[in-house]
Amino acid sequence: MKKSILFLLIGFLVISFYSCYYDKADLLYPTGAAVSCDTSTVISYSQKVVPLLKNQCYGCHTPTGGSGGINMGTYATDKAIAVNGKLYGSISHAAGFIPMPQGTSKMTTCQLAAIKKWIDGGALNN
Ligand code: HEC
């Protein structure tokens with residue numbers, strides 16, 4: 001009886017160590033999406049959303065005459081597509097939307113989560 005408890009304990013410890021190992025690997029090799037994860041409860045439009053969109057969208061979607069008739073690059077334009085659902089629909093590659101950014105890979109899970117949080121928070125000009 002005592003032995004089986006010992007085995008359980010050892011098994012538990014081994015599992016614990018393995019989970020720690022993976023956590024540390026994420027920290028040691030910060031190449032994955034986890035590193036860019038913004039866990040703030042409120043996502044800032046100017047600090048977080050604009051840099052992402054500037055990087056991946058504003059090249060084609062300008063404030064006037066953007067590709068596909070979608071204007072981006074000012075708070076008013078960005079908020080408009082945030083509230084009508086097109087922003088998140090396109091970047092999350094949801095059915096019924098044209099997947100964006102066009103011609104390149106989908107945003108990371110963390111980037112998508114940050115933008116979703118900004119939209120769900122009312123797409124504030126913060
Ligand atoms: C390389 C140029 C390019 C980039 C980069 C790009 N787009 Fe687009 N986008 C287009 C074009 C072209 C269309 C029109 C596509 C069509 O009508 O077939 C479009 C259409 C859209 C639409 C309309 C989709 C729909 O289903 O109605 C949205 C919303 C959009 N883009 C948002 C974005 C966002 C957000 C980003 C950045 C994550 C982005 N785009 C990056 C070129 C681009």
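**Close-ups of a predicted model**

**View 1. Ser 92 sits in the loop between H4 and H5.** Ser 92 counts as buried because its relative accessible area is 18%, and the cut-off for buried is under 20%. A polar atom of the Ser 92 side chain has the backbone oxygen of Tyr 88 at 2.6 Å. Skip the neighbours within four places in sequence, and Ser 92 is in contact with Lys 106 and Leu 112.

**View 2. Helix H5, and what covers it.** Leu 112 turns up again here: it is one of the buried residues of H5, along with Cys 110, Gln 111, Ala 114, Ile 115, Trp 118 and Ile 119. The cover over the buried residues of H5 includes H2, H3 and H4. After H5 comes Gly 122, with a positive phi near 105°.

**View 3. The iron atom of the ligand and its protein donors, His 61 and Met 100.** His 61 uses NE2 and Met 100 uses SD, at 1.9 to 2.2 Å from the iron. The pair ties together distant parts of the chain, 39 residues apart: His 61 comes from the loop between H2 (45-56) and H3 (75-83), Met 100 from the loop between H4 (86-91) and H5 (109-120). Both of these residues are buried.

Definitions and conventions. Residues numbered from 1 in each chain as written. Predicted model: local features only at pLDDT ≥ 70, side-chain atom pairs only at ≥ 80, totals over all residues. Heavy atoms only, no water. Donors = N, O, S within 2.8 Å, 3.2 Å for Na, K, Ca; no water. Helix = DSSP H or I, 4+ residues; strand = E, 2+ residues; numbered from the N terminus. Buried < 20%, exposed > 50% of the residue type's maximum accessible area, 1.4 Å probe, protein only. Polar contact = N/O pair within 3.5 Å; in protein donor to acceptor, adjacent residues only side chain to side chain. Contact = heavy atoms within 4.5 Å.
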